[in-house]
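Here's a quick tour for anyone meeting this chain for the first time. Have a look at the sequence and the fold, then read on.

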Amino acid sequence: MSSRFYIAHKNGVPAVWQSTPDRIGRLLKQKTGFTLSSETPTDTRTQALIKLREVFPGSRPIKSS
């Protein structure tokens, strides 16, 4: 299964995570307080960053996992 890029956020601070669909749940459990955005996962980090800037205008993403 190939990796996808997900937008997550904690207290309004966004992040882009790279994970396979079957492991995203485990990643959410490890990263306490984060929730996934309702945005569809993307195939590239660039696409994810574009979506992040649309959903969280003016925010800078924190380092991805």
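**A serine and its surroundings**

S19 sits in strand β2, which covers residues 13–19 (strands are DSSP runs of E with at least two residues, helices runs of H or I with at least four, both numbered from the N terminus). This is a predicted model, where local features need pLDDT of at least 70, side-chain atom pairs count only at pLDDT 80 or more, and totals for chains, interfaces and linings use all residues. Residues are numbered from 1 along each chain as its sequence is written, and side-chain values use heavy atoms, leaving out hydrogens and water.

**Around S19**
- S19 counts as buried because its relative accessibility is 7% (buried means under 20% relative accessible area, exposed over 50%, partly exposed in between, with a 1.4 Å probe and protein chains only).
- A polar atom of the S19 side chain lies 3.4 Å from the backbone nitrogen of I24.
- Neighbours within four places in sequence aside, S19 is in contact with S3, R4, Y6, I24 and L27 (contact means heavy atoms within 4.5 Å).

**The whole chain**
- The chain has two helices and three strands, and along the sequence they run β-β-α-β-α.
- Its C-alpha atoms fill a box of roughly 30 × 25 × 20 Å along the principal axes.
- Of the 65 residues in the chain, 29% are buried.
- Among contacts in the chain with a separation of 6 or more, 51% come from residues 24 or more positions apart.

Conventions:
A polar contact is a pair of N or O atoms within 3.5 Å; within protein, one must be able to donate a hydrogen and the other to accept it, and residues adjacent in sequence count only if both atoms are side-chain atoms.
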